Every structure is written in C-alpha cells, then in structure tokens.
Amino acid sequence: MTSATPPGAHLPEHGDFLWRNPEPKKSYDVVIVGGGGHGLATAHYLAKNHGITNVAVLEKGWLAGGNMARNTTLIRSNYLWDESTAIYEHSLKLWEGLEDDLGYPILFSQRGVLNLAHTEQDVRDSVRRVEANKLNGVDAEWLTPDEVAKICPIVNISDDIRYPVQGATYQPRAGIAKHDWVAWGFARKADEAGIDLIQDCEVTGFTTDGDTVTGVRTTRGDIACGTVALCAAGHTSVLLDMLGVAAPLSSHPLQALVSELLEPVHPTIVMSNQVHVYVSQAHKGELVMGAGVDSYNGYGQRGAFHIIERQMAAAVELFPVFARAHLLRTWAGIVDTTPDASPIVGHTPYQNVYVNSGWGTGGFKATPGIGWCLADTVANGRPHEYVAPFALDRFVTGALVDEHGAAAVAH
Amino acid sequence: MQLIECPWCGPREETEFHYGGQAHIAYPETPSELSDTEWAQYIFFRANPKGPFAERWSHSGGCRQWFNAVRDTRTYTFLATYRSGEPQPEVQS
Ligand SMILES: Cc1cc2nc3c(=O)[nH]c(=O)nc-3n(C[C@H](O)[C@H](O)[C@H](O)COP(=O)(O)OP(=O)(O)OC[C@H]3O[C@@H](n4cnc5c(N)ncnc54)[C@H](O)[C@@H]3O)c2cc1C
Ligand SMILES: [Zn+2]
C-alpha cells in the first residue's frame with residue numbers, strides 16, 4: 001500500500017461469524033419490532049446494561065436493510081434545545097467508545113461538521129446555537145468565511161454566488177461511521193448475549209387483552225411477549241394503526257447519492273440549511289450527499305429526480321470542483337417526521353408497548369444513545385430522563401421540542 | 001418526475017406543484033368548545049397510510065388553485081384528482 005492510498009480505503013474484514021439465524025421461540029420477555037440500528041442497539045443495551053436476554057428482534061426484511069443501510073451517517077450533537085442536546089450528546093459520547101464496547105470496527109471518524117450560514121439571520125441563529133451548545137458542554141465554535149476555507153478549502157467563499165457563505169458553526173467532535181459495520185457490531189454483540197435476531201419476519205398484527213399486548217402476529221407465526229418496543233422507523237404508523245393508536249407521524253422518502261471514488265478532497269462534513277445540501281467524503285472516497293425529504297408522504301423507497309437536480313445545483317455552486325464528478329448511485333429511505341421535528345419516544349396507550357419513532361432525517365446519530373435509553377425505559381417500565389421530553393402527550397400539553405431550523409438540515 | 005392532472009389545466013409536470021398534506025380536514029365547527037386533546041388532533045394528527053391517501057396539492061406554478069388528489073403512497077401513482085369541495089372519488093387501489 002502506497003502513501004497515496006486514501007485514508008480508510010481499506011475497510012476491515014468482517015469476522016467469520018456474525019450472528020445465528022434462529023427459529024422464533026413461542027414467547028419472549030421483550031419483542032423489538034424492527035432490526036435497524038435502533039432495534040439492534042436497544043437489544044445490545046438490554047443485555048449489557050440490564051441483563052435482559054430473553055429478547056427477539058423481529059425484522060421484516062434483512063437485518064439493518066432499512067434506513068440503517070441507506071443513511072449518510074452524519075453524527076453530531078450541535079442541536080439547539082437542551083432536550084435534544086441531552087440525548088444526542090449522550091449518544092455522541094457512546095459513539096466515542098463504541099468500537100471498544102462492541103469489539104468491532106465501526107470506522108468512527110471525528111472529522112468535524114461545518115454548518116454554513118448564508119444570511120444575516122442564519123448568522124444570528126448560528127451564533128446563538130454555538131452559545132447554547134457551549135452552555136450544554138458541547139464543543140462548538142463560530143467561524144468566519146476565511147476560517148471555513150482553512151478547514152475545508154474547496155468551499156466556495158466568494159461573495160458573487162447567490163447565497164454567499166457568511167460563516168459557519170463548527171463542531172470538531174462530529175463525524176461519520178460505517179453504518180453497516182455499526183449494525184453488524186451491535187447485532188453480533190446482541191447475538192452473543194443470546195438474543196434472537198429473526199429476519200424475514202414481519203409483524204402483521206397484535207393480540208391484546210385490554211390495555212395490554214399479549215403477543216405479536218408475524219409472517220412466521222404468533223409470538224407471545226411481555227413487552228414490545230417499536231423500532232420500525234418509517235413504518236411506525238403502519239404498526240400503530242394495527243393497535244388503533246394515533247401518532248402525528250408522516251413518512252417521507254429521503255434521498256441520498258454518492259459520486260464515483262475520488263482522491264481525498266473533502267476533509268470534514270459541510271452542511272447548508274439555506275441552499276440545502278450536505279456533503280462528506282466516505283472512507284473509500286465517494287462524495288456522499290443528501291438534502292431534505294421529498295415533500296409528499298411515501299413508502300416507496302425512491303424519490304423524485306428533480307429533488308436531486310436542485311440539490312446538485314446547490315452543491316456545484318458551493319463546491320465548484322464537484323462539477324466534473326460523476327454521480328454513481330442514488331437511493332431513498334423512508335423516514336418518519338413529526339410536526340416539531342423531534343422524535344416520539346415512550347409510553348403508548350398500551351401499558352407494555354413503547355414507541356420509538358419520528359427521528360426523521362437524523363436518527364442514525366442517535367443509534368447508541370436511543371438504544372441505551374430505550375433499553376433503560378423497557379427494563380424499568382418508565383421513560384429514561386433523556387427520552388421523557390419526547391413523549392407522545394407533548395402534542396396535547398404543548399410542551400413541544402421544536403428543533404425545526406434550530407440545528408439541522410430539513411426534517 | 002411525473003405528470004399530475006390539474007383539474008383546471010390538465011396534465012402538467014410535477015415540478016409545477018406543491019404538496020399540502022392530508023385533505024378533507026375541516027376547521028372545527030365549535031372551536032371554543034374543543035378540549036386540548038381535540039385541538040391537538042386537529043392541528044397535529046394526520047393519517048399516514050401505506051396505500052391510497054386523499055391529500056391536497058396546489059398548482060403553484062400554473063393556475064395557482066388548490067385541489068385534492070388520491071395518491072397511492074406505495075407507488076406514488078395518482079389515482080384521481082378532483083376539485084376542492086367535491087367528494088372523494090372511489091378508487092381502485
Ligand atoms: C437517505 C437518508 C440519509 C440519512 N442521513 C442521516 C444522517 O446523515 N445522520 C443521521 O443521524 N440520520 C440520518 N438518516 C436517518 C436515519 O437513517 C434514521 O433516523 C434511523 O436509521 C432510524 O432508525 P433505524 O436505524 O432503526 O431505522 P431502520 O434501519 O429503518 O429500521 C427499522 C426497521 O424496521 C423494519 N420494519 C418495519 N416494519 C416492520 C414490521 N411490521 N415487522 C418487522 N420489521 C419491520 C424495517 O424493515 C427496518 O429494517 C438518514 C436517513 C436516510 C433515508
Ligand atoms: Zn392548474
């Protein structure tokens with residue numbers, strides 16, 4: 001290997017053995033619906049932190065083949081509100097030790113994130129967020145355009161573009177991780193602890209007794225259970241509808257794309273709310289780009305091409321060197337969004353059913369954090385303090401955690 | 001991108017349209033009598049079906065009229081479009 005080899009080009013080999021493929025048992029203490037990152041992390045921490053291992057993770061497709069396999073893997077905790085910071089920063093701290101915890105490479109790369117400001121109001125909001133982050137013990141800085149260019153020299157900071165860069169917030173501890181490795185690391189650990197990961201097993205209904213769920217109906221038979229944790233991301237409404245529970249979720253396609261492999265040109269993560277594109281360079285060298293959701297509700301795992309066209313126009317203006325890059329692949333996942341752009345986690349009207357949903361476009365970064373908190377919630381039968389603000393009843397009480405525009409690209 | 005049938009203008013490019021969410025959500029008749037739960041239902045809670053969904057669209061880049069559509073959220077196919085105030089048509093899904 002020469003020194004010209006891009007960093008991270010050599011992905012580690014997977015272990016010979018990842019997990020068993022067991023037949024479902026007749027009953028479990030805990031059934032987790034959805035084998036994405038959140039479901040697998042919850043399973044891992046149930047075993048590790050609470051010694052609860054009579055657990056099944058039921059996945060209708062293949063393990064972590066939903067949003068977990070489709071997301072752009074940005075990890076940061078520079079949210080505005082205290083409630084959001086608490087859970088995302090808890091998660092970021094777990095990311096920082098996750099490779100050791102899982103005993104598996106996850107290629108967590110803390111290369112920092114720049115959130116660009118393009119208007120006077122952007123600048124004010126960004127500076128406010130930096131101060132809020134600092135008060136919450138989150139690393140954050142405000143950078144001038146010249147300082148932005150020092151960190152990421154290919155950002156166009158000239159002032160003759162439509163939305164000139166007026167500065168950026170910077171969180172150095174933000175980063176990316178290799179999503180598949182993360183999922184497989186959690187899966188391996190959960191399996192090792194004796195938890196059954198059951199693929200090709202769709203939950204199609206529930207059996208209930210008053211306000212208690214007694215079991216799940218699946219494409220592989222009925223399974224009795226003590227507690228149910230819903231970790232089905234974009235499909236939560238479909239499951240809640242089966243229970244007759246309403247939640248203010250709407251599912252949308254969210255698209256992403258990658259370029260061909262390139263030399264290292266993009267050392268950090270750059271996000272822009274205003275022109276609406278975000279970019280990082282993957283370990284192997286692809287430019288990974290995303291934007292906001294397609295506007296309409298959808299479950300189709302594809303989106304409209306004009307969304308990509310707009311996003312590319314913004315990308316090329318911000319990064320003129322991208323103009324000659326070839327687009328390799330586009331895809332979409334189905335994300336569940338809420339009216340206040342924050343997740344819905346916690347109790348449902350069924351006393352033994354917990355919901356974990358509404359992470360929208362930003363739930364990958366929460367993977368270890370929510371797994372930890374949901375496991376604690378299930379084990380103790382009450383919401384962990386970090387998820388308590390995200391209860392379903394906030395839409396009635398008005399105690400919303402409105403993160404729209406506060407920290408992220410679109411939700 | 002697909003063609004969407006505006007009930008006034010006929011088929012036009014998807015890029016001319018804007019999405020408006022679930023259709024047929026009526027403003028409460030007696031707003032002062034609503035409980036917090038009922039207000040929350042009216043403001044925040046929307047159906048999110050996997051299948052046919054009655055929703056609002058605006059032909060913002062054309063005649064600028066709002067209209068309703070039934071669209072399948074699995075395939076994104078428009079099964080019907082109709083003018084506001086007209087009843088939701090029966091569709092084959
Ligand atoms: C294009 C894209 C880019 C994104 N970028 C980022 C990013 O950069 N940073 C970030 O933090 N977040 C990002 N996200 C969001 C993030 O991916 C999600 O918030 C997060 O993955 C959701 O949790 P999950 O991993 O458990 O979901 P998923 O991986 O979708 O897991 C849910 C699982 O439930 C299964 N399921 C559904 N219904 C049933 C059923 N009835 N029975 C059994 N199983 C069922 C599904 O098959 C699926 O595998 C992005 C998402 C997309 C689509
Ligand atoms: Zn028209």
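What share of the 93 residues in chain B is buried? In this predicted model, buried residues make up 34% of chain B. The chain itself is built from 1 helix and 6 strands, and its elements follow the order β-β-β-α-β-β-β when read from the N terminus. Along the principal axes, the C-alpha atoms of chain B fill a box of roughly 45 × 30 × 20 Å.

The zinc ion (ligand 2) is coordinated by B:Cys6 and B:Cys9 through their SG atoms, by B:His59 through ND1, and by B:Cys63 through SG, at 2.0 to 2.3 Å. What is the arrangement of the 4 donor atoms around this zinc ion? It is tetrahedral, because the donors subtend angles of 102 to 118 degrees, and four donors count as tetrahedral if all angles lie between 85 and 135 degrees. For comparison, the ideal angle for four tetrahedral donors is 109.5 degrees.

The spacing of the zinc donors along the sequence can be written C-x2-C-x49-H-x3-C. Within this pattern, B:Cys9 and B:Cys63 link distant parts of the chain, being 54 residues apart. B:Cys9 sits in the loop between strand E1 (3–6) and strand E2 (10–13) of chain B, while B:Cys63 belongs to the loop between strand E4 (52–58) and strand E5 (66–72) of chain B. B:Cys9 has a relative accessible area of 24%, so it is partly exposed.

Attention now turns to chain A and ligand 1. This ligand is surrounded by 38 residues, and the closest are A:Glu59, A:Asn67, A:Met68, A:Thr72 and A:Lys365. By class, the shell contains 16 nonpolar, 17 polar and 5 charged residues. Four elements of chain A each supply at least two residues of the shell: helix H1 (37–50), helix H2 (67–70), strand E12 (250–261) and strand E16 (327–337).

Backbone atoms also take part in the surroundings of ligand 1. A nitrogen atom of the ligand lies 3.1 Å from a backbone N or O atom of A:Lys60, and a nitrogen atom of ligand 1 is likewise 3.1 Å from a polar backbone atom of A:Thr361. An oxygen atom of ligand 1, in turn, lies 3.3 Å from a backbone N or O atom of A:Thr73. How much of ligand 1 does the protein bury? Taken alone, the ligand exposes 990 Å², and the protein buries 96% of that.

A:Thr236 is found in helix H7 (residues 236–243) of chain A. Its relative accessibility is 0%, so A:Thr236 counts as buried. The side chain of A:Thr236 reaches the backbone oxygen of A:Ala233 at 2.7 Å.

A:Thr348 lies in the loop between strand E17 (344–347) and strand E18 (353–357) of chain A. With 11% relative accessibility, A:Thr348 counts as buried, and its side chain reaches the backbone oxygen of A:Val353 at 2.9 Å.

Is A:Thr119 buried or partly exposed? This residue is partly exposed, because its relative accessible area is 25%. A:Thr119 is placed in the loop between strand E4 (113–117) and helix H4 (120–135) of chain A. The C-alpha atoms of A:Thr119 and A:Tyr88 are separated by 27 Å, with the two residues 31 residues apart along the chain.

Key:
Residues numbered from 1 in each chain as written. Chains lettered and ligands numbered in written order. Predicted model: local features only at pLDDT ≥ 70, side-chain atom pairs only at ≥ 80, totals over all residues. Heavy atoms only, no water. Donors = N, O, S within 2.8 Å, 3.2 Å for Na, K, Ca; no water. Tetrahedral: all angles 85-135°; square planar, octahedral: opposite > 155°, others 65-115°. Buried < 20%, exposed > 50% of the residue type's maximum accessible area, 1.4 Å probe, protein only. Near = heavy atom within 4 Å. Polar contact = N/O pair within 3.5 Å; in protein donor to acceptor, adjacent residues only side chain to side chain. Areas by Shrake-Rupley, 256 points an atom, 1.4 Å probe, with all protein chains shown as cover. Nonpolar A, V, L, I, M, F, W, Y, C, P; charged D, E, K, R; others polar.
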